[in-house]
Amino acid sequence: MRFHFALTLQALWTGVCQAAMQHYPAAWGHYDVCKSQIYSDEGLTWDYMACQPEAADMTQYLKVYLDPPNITCGDPPETYCALENPYMCNNECDASTEELAHPPELMFDIEGRNPTTFWQSTSWKKYPKALLVNITLSWNKTIELTDDIVLTFESGRPEQMVLEKSLDYGRSWQPYQFYATDCLDAFTMEPKTVQDLTQHTLLDIICTEDYSRGYVWKYDKTVRFEIKDRFALFAGPRLHNMASLYGQLDTTKNLRDFFTITDLRIRLLRPATGATMVDENNLSRYFYAISDIKVQGRCKCNLHANSCVYDKEKLSCECEHNTTGPDCGRCKRNYQGRAWSAGSYLPIPKGTANICIPNNIGPVIRQNVSSLGVANRKEVAPQVALSTTPSVHVANSKRARVCDNELLRCQNGGVCVNNLHCNCPSAYTGLQCEKPRCESELGGCRGSDSGQAPLMPSSFTLLLLLLGSALLREILCWPTVL
């Protein structure tokens with residue numbers, strides 16, 4: 001009986017260990033708990049951990065702006081023809097009739113309706129003048145992207161398009177990716193795909209032809225900006241090695257900023273034509289129509305909050321760790337005993353909280369003390385030299401035609417030269433003069449503590465942590481010998 005009980009107990013314990021090992025890697029991506037109560041030598045105390053909100057569909061929290069404002073079809077009413085059949089002209093747009101209207105909010109409604117709902121522009125009735133549309137998505141909050149940005153077009157996919165981002169609430173813009181049927185002709189850029197990128201060139205801005213070519217547009221309507229493929233450069237094809245990705249995000253500011261936005265802007269530059277020549281006798285065939293936009297992400301809370309609230313049409317973090325502000329970006333009043341610092345993903349899997357402490361008090365604060373490390377010791381992941389000078393640049397030596405005097409304007413007082421490049425003031429650089437020049441200088445714009453200084457590799461510490469964790473699990477899960 002005793003032997004049977006021991007075997008049963010051993011089997012149960014082995015099952016628990018296997019379950020723990022099976023689900024442990026998935027927990028690396030959570031960081032969903034900010035603190036928990038534990039018993040220590042001092043009694044019941046708080047154990048503080050780095051934390052972040054769950055990823056969500058961020059399109060339910062945005063505001064959308066169109067430029068020009070009167071670009072939506074239906075005022076006056078207009079009849080459209082199908083691109084693939086110029087004689088099929090039975091699609092009507094009328095803003096005064098709900099069933100025939102195509103306002104911009106239909107880009108964000110529930111998919112799966114029949115018939116499909118979508119936003120639609122006016123037709124290209126002013127040809128040969130370019131049909132230019134800017135669609136700006138604004139959150140009034142810093143967002144961290146966690147999945148691909150996906151645009152679904154009800155019309156043919158644009159032959160020329162630019163996706164841009166802002167990190168300062170729309171005051172300046174940086175290109176994310178260029179799209180064209182012919183990258184050399186449209187932007188003077190060699191065509192590339194995300195598969196051409198490496199860890200060292202992940203921040204390069206490319207032009208892709210993957211989402212613009214092909215006349216059979218009815219069966220392939222999506223345009224993507226591949227977030228997960230870029231994550232996979234560090235985390236592996238199935239994102240199993242999140243520790244590597246989090247280590248890089250933790251220690252490389254330019255990489256974190258690349259996946260962080262406050263606004264997105266979609267520049268539609270040329271609609272689908274389906275042929276080499278535009279049919280000037282039937283311009284109602286050419287327009288833009290978008291049925292869905294997907295943006296998956298989370299509020300940026302600097303690893304000091306695990307929830308984000310939407311109140312009075314505004315997102316804000318519910319800050320922990322004695323922090324405050326929309327992004328938990330400063331210490332609360334009377335909790336400024338040391339300088340504010342963002343939380344850290346390291347050491348895996350709980351990270352470091354870096355909580356704010358009371359003024360003039362230096363208590364022993366427990367922050368995710370592991371068996372192999374000390375609270376607030378920041379491990380450094382093996383470093384990859386990312387191309388960051390300038391931090392946003394074109395992925396080839398040719399100059400991109402990315403400016404004009406209409407919708408593709410140079411930023412910060414720059415002057416567009418022959419539609420090929422921006423002549424920037426001395427204090428700015430970048431494709432569209434969008435980056436302060438000091439960011440590429442030694443010490444950055446805020447001196448040596450700006451987070452942009454080169455980081456030294458330290459893979460040994462991370463290796464010790466992983467080996468120690470594996471050894472601990474081996475000891476706990478070793479079969480009992482009776």
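Residues are numbered from 1 along each chain as its sequence is written, and side-chain values use heavy atoms, with hydrogens and water left out. As the model is predicted, local features need pLDDT of at least 70 and side-chain atom pairs count only at pLDDT 80 or more, whereas totals for chains, interfaces and linings use all residues.

The largest nonpolar core comprises 76 residues. Such a core is a set of buried Ala, Val, Leu, Ile, Met, Phe, Trp, Tyr and Cys residues joined through side-chain atoms within 4.5 Å; buried denotes under 20% relative accessible area, exposed over 50%, and partly exposed the range in between (1.4 Å probe, protein chains only). Within this core, W119, I135 and W139 have the most contacts. Strand β8 (residues 133-145) contributes the most to the core, with six residues; helices (H or I, at least four residues) and strands (E, at least two) are DSSP runs, numbered from the N terminus. When neighbours within four places in sequence are set aside, W139 is in contact (heavy atoms within 4.5 Å) with M58, Y61, L62, I261, T262, D263, L264, V295 and L315. Another core, of six residues, lies apart from the largest one and includes Y80, C93, F287 and A289.

Across the whole structure, 15 salt bridges were found, each defined as a side-chain nitrogen of Lys or Arg within 4 Å of a carboxyl oxygen of Asp or Glu. One of them joins D220 to R157, with the closest N and O atoms 3.6 Å apart. This pair links distant parts of the chain, 63 residues apart: D220 belongs to the loop between β12 (207-208) and β13 (222-225), and R157 to the loop between β9 (149-153) and β10 (160-166). D220 is partly exposed, at 37% relative accessible area, while R157 is buried, at 8%.

A further salt bridge connects the side chains of E159 and R270 (3.0 Å, N to O). Because E159 lies in the loop between β9 and β10 and R270 in strand β14 (residues 260-270), the pair ties together parts that are 111 residues apart in sequence. Here E159 is buried, with a relative accessible area of 12%, and R270 is partly exposed, with 24%.

Helix α5 (residues 253-258) holds both K253 and D257, four residues apart, about one turn of the helix. Their salt bridge has its closest N and O atoms 2.6 Å apart. K253 is buried at 18% relative accessibility, and D257 is buried with a relative accessible area of 18%. Finally, E164, R265 and R267 are linked in a network of salt bridges.
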